[in-house]
Structures are given as C-alpha cells and as structure tokens.
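I opened a notebook for this structure and wrote down what I looked up, entry by entry. The sequence and the model come first, then my notes.

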Amino acid sequence: MKLHEEWLYKADNDIESAKYLLLSSKPFYDIVVYHAQQCAEKALKAYLVFQKQDVDKTHNLIALVARCKEFSSSFEELKNEIIFLNPYATQFRYPLGELLPSKDETIEAILYAENILGFVKRLIDDE
C-alpha cells in the first residue's frame with residue numbers, strides 16, 4: 001500500500017467510526033464530529049502525500065486545503081465543508097462551554113467529511 005493510500009485508509013476508518021457512533025444508543029455526538037474532522041484532515045493529508053509533499057503536524061483544515069489548492073484549484077469547491085469542520089479538532093473535546101453539538105450538526109459533519117473524502121479519492125484517481 002502506498003503512503004497516500006494509508007492516509008486514505010485511516011480517513012475511511014474515521015468516517016466509518018463516526019457513522020457507527022452516530023447510530024449508538026448513547027449520543028456520542030462530540031466524538032462523532034471529531035472523527036468527521038479527522039477524516040477530512042487525513043484525506044487532505046493523503047492528497048498532499050500523493051503530491052509528494054511533507055505533511056505538517058496540524059489539525060487546521062483551512063491551512064491544509066490552502067496547500068492542496070497549490071496543486072488543484074478545484075479544492076475551492078470544499079470551502080464551506082472545510083470551514084464547518086475545522087473547529088471540531090478541538091471543540092467539544094474538553095468541558096469548555098457546550099458539551100455536545102446538535103444531532104443535525106453531527107449529521108452534517110458526517111456528510112461534509114464524506115464529501116471531502118470522496119472528492120480527494122476522485123481527484124487522486126483522475127491524476
């Protein structure tokens with residue numbers, strides 16, 4: 001397995017974990033949105049690795065997608081999804097303010113992460 005494929009494998013695991021936890025009898029919405037953010041982060045890092053770039057130790061999706069745009073301007077299509085998911089790297093992980101996102105917000109996070117992951121996979125397949 002190539003390194004970018006390993007990143008995509010981990011991104012797949014994150015989104016599948018998020019969907020599994022969403023269906024749990026207990027609302028783990030805080031953990032679900034974290035895994036959705038992680039899926040998007042790993043997908044973007046997979047693309048950078050595919051482009052033979054070093055991957056920074058960052059959770060900032062906005063910074064990662066800016067680097068991805070250096071290779072494909074089509075990443076601009078993901079602007080709304082990136083902005084939406086970016087805070088979930090840390091938001092809800094600690095007892096500071098709201099403890100859980102809403103169910104609707106959680107479902108939206110999963111849909112956005114799936115969209116980003118699919119986008120990256122298609123882009124890599126096309127290149």
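**Entry 1: lysine 42**

I looked up lysine 42 and found it buried, at 16% relative accessibility. Buried here means under 20% relative accessible area, exposed means over 50%, and partly exposed is in between, with a 1.4 Å probe and protein chains only. The model is a predicted one: local features need pLDDT of at least 70, side-chain atom pairs count only at pLDDT 80 or more, and totals for chains, interfaces and linings use all residues. Residues are numbered from 1 along each chain as its sequence is written, and side-chain values use heavy atoms, with hydrogens and water left out.

Lysine 42 lies in helix α2. Helices are DSSP runs of H or I with at least four residues, strands are runs of E with at least two, and both are numbered from the N terminus. I then listed what lysine 42 touches, leaving aside neighbours within four places in sequence: Trp7, Lys10, Ala11 and Asp14. Contact means heavy atoms within 4.5 Å.

Which residue forms a salt bridge with lysine 42? It is aspartate 14, with the closest N and O atoms 2.5 Å apart. The pair links distant parts of the chain, lysine 42 in helix α2 (residues 29-50) and aspartate 14 in helix α1, 28 residues apart. Both lysine 42 and aspartate 14 are buried. For a salt bridge, a side-chain nitrogen of Lys or Arg must be within 4 Å of a carboxyl oxygen of Asp or Glu.

**Entry 2: other salt bridges**

I searched the whole structure and got seven salt bridges. One of them joins aspartate 12 and lysine 121, whose closest N and O atoms are 2.9 Å apart. This pair also links distant parts of the chain: aspartate 12 is in helix α1 (residues 3-22), lysine 121 is in helix α5 (residues 103-126), and they are 109 residues apart. I noted aspartate 12 as partly exposed, at 25% relative accessibility. Lysine 121 is partly exposed too, with a relative accessible area of 30%.

Next I looked at aspartate 56 and arginine 67, whose side chains meet in a salt bridge at 3.5 Å, N to O. Aspartate 56 is in the loop between α2 and α3, and arginine 67 is in helix α3, eleven residues away. At 42% relative accessibility, aspartate 56 is partly exposed. I also recorded one network, in which salt bridges that share partners join Glu16, Lys19 and Glu114.

**Entry 3: cysteines**

How many disulfides does a search of the whole structure find? The count is zero, where a disulfide is a pair of cysteine sulfur atoms within 2.5 Å. Cysteine 39 is buried, with a relative accessible area of 0%, and cysteine 68 is buried with a value of 0%.

**Entry 4: aromatic rings**

My search of the whole structure gave six aromatic pairs. Phenylalanine 84 and tyrosine 88 have ring centres 5.7 Å apart and planes at 80°, so I wrote this pair down as edge-to-face. The rule takes rings of Phe, Tyr and Trp (its six-membered ring) with centres within 6.5 Å; planes under 30 degrees apart are stacked, over 60 edge-to-face, and the rest tilted. Tyrosine 88 is buried, at a relative accessible area of 2%. Elsewhere in my list, Tyr47, Phe50, Phe75 and Phe119 form one aromatic cluster.

**Entry 5: helix α5**

I checked the span of α5: its 24 residues reach 35 Å from first C-alpha to last, close to the 34 Å expected at 1.5 Å a residue. The expected span is 1.5 Å times one less than the number of residues. The buried residues of α5 include Thr106, Ala109, Ile110, Ala113 and Phe119. They belong to a buried set that packs against α1, α2 and α4 (79-85).

Leucine 22 has its place in helix α1 and is partly exposed, at 21% relative accessibility. Not counting residues up to four places away in sequence, leucine 22 touches Tyr29, Val32, Thr106, Ile107 and Ile110.

Last, I looked up alanine 63, found in helix α3 (residues 61-69). Alanine 63 is partly exposed, with a relative accessible area of 36%.
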